Structures are given as structure tokens and as C-alpha cells.
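Work through the exercises below with the sequence and the structure at hand. Each task is followed by a solution in steps.

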Amino acid sequence: MNKPINQSGWRPGTPMASEDAGAHPTVTGNKALMLEEPLIFEIGNAETTGVDLPQAKGDTASRLGSHARKGPIGLPGLSEPETVRHYTRLSRQNYAIDLGLFPLGSCTMKHNPRLNEKVARMPGFADVHPLQPVDTVRGALGVINELAHWLIELTGMHGVAMTPKAGAHGELCGILCIRAALEARGDAREVILVPESAHGTNPATAAFAGYKVEDIPANAEGRVDLEALKARLGPDVAGVMITNPNTCGLFERDMKAISDAVHAAGGFVYCDGANFNAIMGRVRPGDLGIDAMHINLHKTFSTPHGGGGPGSGPVVLSEALSPFGPLPFTAKMSDGIIQLVEEENASEHGHKQAFGRMTAFHGQMGMFTRALTYILSHGADGLRQASGDAVLNANYILRSLDDVLDAPFGKTGPCMHEALFGDAGFAEGMSTLDLAKGLIDEGFHPMTMYFPLVVHGAMLIEPTETESKAGIDQFVMAMRSLAERARAGDEALKTAPHHAPRARLDEAMAARKPRLAWSEPEVAPGSGNYEIPGAG
Amino acid sequence: MRYLPLTDTDRTAMLDTIGAPSVDALFADIAPAQYLGGPIEGLPLHATEMAVEKHMRALSQQNLAAGDAPFFCGAGAYRHHVPATVDHLIQRGEFLTAYTPYQPEIAQGTLQMLFEFQSQVARLYGCAVANASMYDGSTACWEAIVMAGRQTKRNRVLIDGGLHPHYVGVAQTMAKFTHAEIAYEPPVVEADAGEEALIARIDETTSCVVVQYPDIIGRVPDLARIAEAAHAAGALLIAVNTEPVALGALEAPGNLGADIVVGEGQSIGVGLQFGGPYLGLFAVRDSKLVRQMPGRLCGETVDADGKRGFVLTLSTREQHIRREKATSNICTNSGLCALAFSIHMTLLGEKGLNGLAAENHRLACLAADKLAAVPGIEVVNEVFFNEFTLRLPVESRPLVRALAEKGVLAGVSLGRLFPDADALANGLVVAVTETTNEADIDALCSALTEELA
């Protein structure tokens, strides 16, 4: 049976069903600054446009041949004022870093400086075509080279593949470099070892590159079990993928020993650099024996997450892997100069073994300009200060909450940039999800939940360095209160959030009967009988 | 340091709470031999906003901006006018600084926008379902090839010569590792898009046929005919579109029988940006294929109070649930570019997109006629949208460089796109959009006349 939808969510001017309206119902369904907004398909139409085009002069015969469109597309248009209002209203239903602390562990939601945005919009960067003659884009190549120089120096690596589009694309790049290097020496290895605590992208990437994935166990401290790893190494192991600092928020103390053991067994070491923000300017991955590591410019170097992208994932490579990096590639030449290597000059720069091309054009240039602007603003001293403050903030949260929340690895020493808690001690029936949804009502975005998998009901909190002490103190106050409510079994948490634009959403229904594109309802909007097609 | 709110007083108080003597002590797990005691030497220290802006501006000024010259570059990236409203709205912090909408109660703005975006793309492509975007056109194309292999359980990928060579390059690179067999020959520069020869190469082992529409030469292949032949052999047709404005004038690939339609969305709302970030579009004609699709999907549902809302859905296909069995390793989409696309498309609407396409085509026809009159130049295409190929009496690559020195960005030489194919060395791909005016076209014609004289 289809479930009638409350009208309040989809068309202004329609009376709200009074039984759902709570206290002080309104006729529009709006609540002061909380404005309900319909879909563009419900308010726009095919005749309206918010763009004035030049008045065409003269007439030319069409050269579309027999391929001209025959029917309408069905795209609604809005005038400019309606468009501004539609998206402004939508924007207000989002939480964002600009509104408050965004403690998603492993995601590094730090402040996005606005100078970065201004620079990226300079016409010389924003309005340049990727295939203009090279002499007309020297400044763009300059940005790539300057950023590449910083990434190489900060990581102590040899070369960098700048083109990967995001972290997972960077992982793929690194694993393909490993595979190309192994194939070049005629060594067909089949297995990549991945710790249980790894990001889901790690095993997915290794599988996509054609490898068999095997788990490496963790020890009681939440770190890679070095002896177990050594015991598994052998001629079939192409390499390991390790996140350092790891997803429990801990630095892998044995990293150098791990790298040495993997190298001795003929394999390579891939490091997931998602958590580089914790160690930037404190230790260089190159000094730990890492062969490849992607850097999420949208995490460590502050380029905006934009509601889920675009990201950017350059991959720094050791001397052993650099020759195989994809084109275009950036590497330090024997004279110390960093050079951009493309298809046409690959031979002259000794880069003939490049495994190929991962994307059209040169990568995420718009992210390069922002990241370089961020790096130059901080300088070598500011970047080091940033990682210090990020780690300080996380440890402050760890120690401010470890008496009310279970911190499984909190006893063994400091954490890095994120503090990990579990749900031990919660009352029967209370879950991490309930606490997280309660956090929404307190005005904060929830932390990363149920990850890493090695801790039951995991809550992974990463404040970043751009939070003030006062902001963190308020967050701690909210968390302490919620932890006590979860331990006491406060039933009101089960139905949180109560103050968000929407209550908990029915995700099971969305998956069971997927409605993934809009279509005209069979009953005219506003008649009170609208039903989600396919729902029920 | 203007981005770091902690004061030294704060740091001291926080270290007290933690019970650590110093910030350095928090890094005790890093072995002393590897721990850096101070800022890395040889790198500059922090700088003022003014100083950084000045440095970056100087770099930007070493580039010739497209808007400062008669400009005819296309080949997968197009210069269109982006209304000021688009860039203003995407810079609202609630969009710009939000994360992936994993907490739907406080992410309805992003989620509703993605649902609208998916619906716009599906309609534009003539498909049932589109996803919430991919990295760019080239990676979306490869993901479509992988999906076709999964669907058909076949291994041979037949790529038409008209596919953008960078897209081909990505597929060839990835195929080396997945052992897909790629059948590809570079294009022949003639008016005929070569459908017949392509169809002759489809066989019973072919998983998919990949055809760009319009293609790298600017021609418009007969998708319906290719679809029929592909389907008869049990293969899927993947249509690739690098210029979405064209679909304001040309029939949607899904309506012509393409099973998977992918493309680059940069033309609408995103801007050139030296090649990225761009916007991969991905759609399937038949909703039965949805569970094989890669990438994020946003779907409609209701909340506990019965109000309509949106969530990310069908995530059992994705890496964070399925790990090594996922349909793709991709985690990020291109959310902010999707927002820009969706806002621009909403401003245009059906009427605006049709008008924009008509204006592009009119100016391109005008340019083609004027260029055909330049001595020594031949326009290859009989059919095109806003991009066509010239056959020059000389190699195009040095000519393009020479014209750039005169301040004219004449287009993309086929010699640059296909460095190994001598037969293409004299080809020049010229794109014309609404941002091109008649004076620009005249400037290109006279610069070419002079250079070829």
C-alpha cells in the first residue's frame, strides 16, 4: 500500500496536515526562517528561462543532418530571482564547516580559506583551456611545479603524479605503479595485504587493480601486528596498503620496520595519506620507507569538500616507483629542477615506462591553485603548527571525554589527529547512531560512526586545527551530556533529531523501491493525495 | 597564523588537561630519528594574505586567458558563458563547505540538489536514471566500459575512432590491468563518421561499442544504426558526449538506443579551469541496469513524520559497504561541479538550452563558411554541431603555435591529440560557442590567410 506523503515538504502555499504540525502549526508549512522548498520540476516550466541570449542575426542552414532533436527534453527553467531563492533556501538545510565544528574522523573538515577561492577565480587560472599551446599556459604549469615541489619536500619523496582526481583515484594510481614496477621486473605477484582497519576504498582499489586482498590483523593496541605481517610476507605478496596515522587515530610506531620487512620480501609499501594532516611537518613518509602515498588536497590542504567533491589526490612516489608514474608527471631531475613530463617529452626525461594516463588533461587544476595558496599562506612553519594544533585538539577531546565514553586505545598514550571511542557502557538498546543523532540537535555534525570496524559502535572524532578552544569546549559539553543520556537509556535519543529540517529518514524504503529521478505525479500537486510513486 | 585559532594560553591549558608537557610530546610515537624538530629547511615561512595573492596573481598573469583572445579551442572542454548567479550560489558556505551527505537530516540541501541534478541529466541523455556524478568524462567512460563487462560477461571493447584520444588513453591504461581487450583505430579524417566500418567489427565476443556523439572530429555518428547492430550481437552501446550543449539541438543518445550514456558536463556551469575539476555524467537507459551502476545515487524517501526527503541509496554497491566486491573503488563524486551544472541548467531551462544550442550552431555554421573561403583550407565535416575539423595544407601544430604568438587561439591540432598518427597532422579542430563573435571569426580567418600565404 502506498504511503501518503505529508504535503509540507514539497509545495509552499499548501496547508500542512495539522496532526503532524506540532505546536503552533502554520498554513504554509514554513516555520519562520525554516523554509520548505519544492523541486525545480514542481515550480519551473519549459517556457521560463533565467538567461538572455544574443538576438541572432542572419540565418544559416542547419548542418545537424538527420540528427536534430525531435521531441522536448523536459527541463524546467526558472528566472534568475527564483533560481537564487531556490538554491539559497536549499543551502539552509545543510550543515557545513562554516556553521560549526564538523568532527568527521578521517575526513579532515577544516576551515576553507576564502583567499583560495579568490585565487582560483583569477581569469589566468579559471579561464584557461587545457589544450592551449604550452607557451600560453606557463603560469598554470608553474602552479603545478610549485605545488609538486612542496608535496615532494613535505613527504621526502622523489616524484609526484599530479593527475589523480581524488583519494581513491590516487590509491589506484599508487597500486598501478606498484603493479607496473613488478611487471617490469617480470614478477607476477597476486596479493595485496590490507589491515582490517583500512578505509573501504583500499580493498576496493586493490581488487579493481586485479589483486587478491588479504587482511592483516591488528594487535591489542590498535596497530598493525608486525609479527603476523612478517609471517604472511612472501613471493606472492605485491605489497601492503597501510594508513598512517591509522584509522584508530594512532601512529604506526613500527612503520619503518614494516617497510623494511616488505622491501626485504620484494614488495612495495602503499600508504593511504588521508590522515597526513596529523603528521605534516613532523615526519616525512619517505623517511619511513613508503613507496607511494596519495595526498587528499581536499583534506590536508583545505580545498572545499563541496558536498562530496571534487577531490584531488596527487600521489608522491619513491625513486623505485617514480619511473612508472602516469602522465602527465612531475619529478625532480638530476639537476634538482622539477619538470613537468608529458607524452611528447617523456622519452627525453627518461619517463618511457609510465604506465599510461589516468584522466583527460592535467588533473584538478582548480584544486592545485587552492592548495598552493593554502600552503604558501602557512609556510613550512605554519603547516607544522597546523599538525601540532590538530593533534593537540584531538588529545584534548580524548582526555575530556574518556571518563564518560569508552576509549579503547586511550590508555596506551596520545592519539594523533582523531580520538576514537566505542559504545561500551551504553544502556541496553542505545546505540552510537542515537548519540550521533542527538548531536545534530545540539547543533553539531555527527562524528564518523561505526568506523573503524575494529571497535564496536565506533565514534571517530577529528576536530582539526581550525577549531577554537571555546568551540571545542562547547562540543565537549554536548558530548558529555549525550554520553550520560546514552548510558542512562534516555528514550528521547531514539527519535532524535527533533530540531533538524527532517526527522530520521526511511533509508530502507529508498533502497527497496528506488526512486532516483523525478517524474510527473499522477495526481496533480496540491490536491492532497500525492504519493511517492513506487513507495509502499 | 590567521587560520589557527588557538592562543599560547589555550595550548598551555589544553596540555594541562591532557597531562603532556608539550605539543612535541604528543608525537612520541614517531621515532626520534625520523621526527622533525622544526620547520623543514629550504621552504618559505608563512606569508600574509596580500603577499600570497600577489604571488599567485603573478603566476596567473603568465597565462593567456581564453577571454583575452579570439578563442576556438574545444576537443572535450568548451568555453561557455557561465551566469554570475551560478558562481555566487556555489560559494554559499552551506554548499561549499559541506561534506558528502551521509547525515541526511542535516544535508537535505545537497541531497535535493543531487536528486534534481540526476533528473536533469537523465532527461538530457534520454535515460531512466543518472548517478550523482563521477570525476570527469574520461573516467566515467572507463567506468561504463567496466560496467558493460560486468553486465555482458564479455571482454572485448570496441572503441570508435571518434572517441577523444585522452578517453581512449584512460581506457587503454586501465585495460592493461584488468585484461579487457581494447579494439581501437584512430579516426579517418573525412566527412563520413565511419559507422559501417565500425559495425563490421562488432562480433559475438564484443561487450560494448563506445561511440562519441558528436565525435572528436565534430561529426555526428548515426547512433541508432550502431545500436541496432550492437544489440543484434548482444553487445551494449555506450554513447559518450563531451559537449552537453549539443543535446539542446541533437536527439538524446538514450532515445537512439544507447544503453549507457556518459559524458563530460563541464560546458554547463563549470568553466575551463585548465582541465579540472570537471564533471563526469553517467546514466543508463533502462532502470534494470541501476544495480550494476558505479557511483553515488540519491533517492527519494520519507522521514519519520511522513515528510518527503532524500538520502544516498543503494550503497550496497559501494566501497564503504562492499569493500573489495564494490562496483567501483570511487568514493568521491564531483558534487560542487554537479551543483554548478544544475544551477546553470535550471537558469537555462528547456527554452534557454534550445536557444543556446541554436546560437552555438548558427555561429559555428557561419565560421565554417568563412573558413572554407580561406585559400588552402578545407572543412572536413558535412554534419556538425559547434565544432568541426579543418584540413590544412601544412601541419597544424606549428601553425597553432604561430597563431598563438599573434594572439589567436585557433583551436586544437589533431597533431597534438594524436602525436603518433602522421595522417592526422594537418587536421585542426575548431570549436565555436556563444562566446565567439563575428569579429573573432574574422580575426581567425585573416590570421590563417596571412600565415598560409
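Predicted model: local features only at pLDDT ≥ 70, side-chain atom pairs only at ≥ 80, totals over all residues.

Residues are numbered from 1 along each chain as its sequence is written, and chains are lettered from A and ligands numbered from 1 in the order in which they are written.

**Exercise 1.** Describe how domain 1 of chain B meets domain 2 of chain B.

Step 1. In chain B, domain 1 covers 71-82 + 350-452 and domain 2 covers 84-344; such bounds come from an automatic or database domain assignment.
Step 2. Their C-alpha centres are 27 Å apart.
Step 3. Contact (C-beta atoms, placed from the backbone, within 7 Å) links 31 residues of domain 1 of chain B with 31 residues of domain 2 of chain B.
Step 4. On the domain 1 side, H11(B) gives the largest share, seven residues; helices (H or I, at least four residues) are DSSP runs, numbered from the N terminus.

**Exercise 2.** List the contacts of B:Val210, leaving aside its neighbours within four places in sequence.

Step 1. The partners include B:Cys141, B:Ile145, B:Val157 and B:Leu158.
Step 2. Also among them are B:Ile159, B:Asp160, B:Leu163, B:Ile238 and B:Val240.

**Exercise 3.** Find how many residues of chain B touch chain A, and which helix gives the largest share.

Step 1. Contacts join 169 residues of chain B to 182 residues of chain A.
Step 2. H11(B) supplies the largest share of the chain B side, 21 residues.

Note on methods. Contact = placed C-beta atoms within 7 Å. Helix = DSSP H or I, 4+ residues; strand = E, 2+ residues; numbered from the N terminus.
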